[in-house]
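User: I would like to go through a structure with you, starting with how its chains meet. Could you take a look?

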Amino acid sequence: MKSHTITLTINGESHIVTVRSADTLLYIVRGRLGLTGAKPGCLNGDCGACTVNVDGWPMKSCLMLAVEAAGKEVTTIEGLKETPIQMAFVENFAFQCGYCTPGFIMNCHSLIEQHPDADDQTIKEWLESNICRCTGYIEIEKAVKSVLKRGAHLKAPME
Amino acid sequence: MLPFDFDYYQPETLKEAVDLYQYLEQQGKQPMFFSGGTELITLGRIDLAYTEAVIDIKGIAECKVMRVSGNHLLLGSVLTLTKIEEANLFPLLTKTASQVADHTARGKITLGGNICARIFYREAVLPFLLADSQLLIAGPEGVKGVPINKIFAGELKLDKAEFLVQTATENRLIRAPYFSIKRRQQWETGYPLITVAALKMDEEVRVAVSGLCPFPFRSKEVEASLNNKGLSVETRVERALAVLPQPILDDVEGSADYRLFVLKNLFVDVLAALDGVRV
Ligand code: FES
Ligand code: FES
């Protein structure tokens, strides 16, 4: 069983794909499915450029075997369409070269979904998982906070 | 992507996992139990780990439990550190585990994986050493419960075909006053220099340390010195430093002298937090 035919659900679509046991999710998503939004950086779990969402949580796709993702809901940056966090990155100039951006956005997107009321400490803890070599992080923090604030405002007066 | 191929198995029962291991071992496949798998994936990529057969234990029910049973909290070995943090059933563990790697990586790193890892830094083991937890181990003879302080000496002493299923920790130790702190020398996500976890039980302070030696430890001698209330804080800490296990790490993250300097101050902080000493 060095290779397996598995069903990967990515961005809501099912893909039947034959993978080696040793293939990472990152490798399959990019090389076999052509979804090149998740970026290879360190390939060692350190930089976060490869971050995708698995069942709603951020996951460094270089740290996950493709076979482990069978039966789970995977979302890559291609699966997000004009979400508030994407717009906020643009409005806040939260990137320069853009290489780290898909990973940051996927992590921020999960944070907003899991903790819409995240405090500063939680935001910092989550964002420390990604490295950006261009910006000073301030713009990224601003982008996340602008979305969290908007979310809190929308939710507040519900009866 | 790993540069070598391996077979991948997903057993559903403890017995199936142990039987598979024994069978694959006989076939010369150098089998490996796998839960989060981050160590195999990162070390395998640079040829520092190798296997021809991976046995993924994430599907085994006993390895996934997270509940209180009678006087004990049971935590399965395949729970991710993030899951444990979010549930926050063991506050000292929540605090100490949150010092492992980074938040996203902790969504992949599992409790059992961190306890059994090869790297020096294995912070998640510290709370269990302090709380005298029991470990449930599966192996060819079935399942047995062993006190962690009997089976963990620098590393978890498991025989071939054995693996960690659960930890069981007494509620009174889970509720004990605690203190946990990590010092890094470099930036905030750099490797930890030293992590100290402590708790207080029956008027005695217990301490466990990661990042000082090439292994995490709890030492009775260190605790006896720190708890010698007839002496000044400085003397208690000096005597504790004199009976530390060896060797002290001396690497790019921090020299041995620097680590000892940091530890000295952390011990004072522990006594201030848990023993009410004035500093
Ligand atoms: S490429 Fe995955 S964390 Fe850097
Ligand atoms: S924008 Fe260039 S690495 Fe972040």
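Predicted model: local features only at pLDDT ≥ 70, side-chain atom pairs only at ≥ 80, totals over all residues.

User: How many salt bridges does the rule find across the interface of chain A and chain B?

Analyst: The rule finds 6 salt bridges across that interface.

User: Which elements give two or more residues to the side of chain A that touches chain B?

Analyst: They are β4 (57–60) and α4 (120–127) of chain A. β4(A) gives the most, with 4 residues. By residue class, the side of chain A that touches chain B divides into 14 nonpolar, 8 polar and 8 charged.

User: What area is buried between chain A and chain B?

Analyst: About 2,700 Å² is buried, and carbon and sulfur atoms give 57% of that area. On the side of chain A, K2(A), L63(A) and E68(A) lose the most area to chain B, together 21% of what that side buries. The contact takes 30 residues from chain A and 32 residues from chain B.

User: Let us turn to the fold. What is the pattern of chain A along the sequence?

Analyst: Chain A reads β-β-α-β-β-β-α-α-α-α, and its secondary structure comes to 5 helices and 5 strands. Of the contacts in chain A between residues at least 6 apart in sequence, 55% join residues at least 24 apart.

User: Why does the radius of gyration of chain A agree with a compact globule?

Analyst: It agrees because a compact globule of 159 residues would have a radius of gyration near 15 Å, and chain A has 16 Å. The C-alpha trace of chain A spans about 55 × 40 × 25 Å along its principal axes. As for burial, 50% of the 159 residues of chain A count as buried.

User: Which residues is A161(B) in contact with, leaving aside neighbours within four places in sequence?

Analyst: A161(B) is in contact with V18(B), Y21(B), Q22(B), F33(B), A138(B), G139(B) and P140(B).

Notes
Residues numbered from 1 in each chain as written. Chains lettered and ligands numbered in written order. Heavy atoms only, no water. Contact = heavy atoms within 4.5 Å. Buried area = accessible area lost by both parts, 1.4 Å probe. Salt bridge = Lys/Arg side-chain N within 4 Å of Asp/Glu carboxyl O. Nonpolar A, V, L, I, M, F, W, Y, C, P; charged D, E, K, R; others polar. Rg over C-alpha atoms; globule rule 2.2 N^0.38 Å. Buried < 20%, exposed > 50% of the residue type's maximum accessible area, 1.4 Å probe, protein only.
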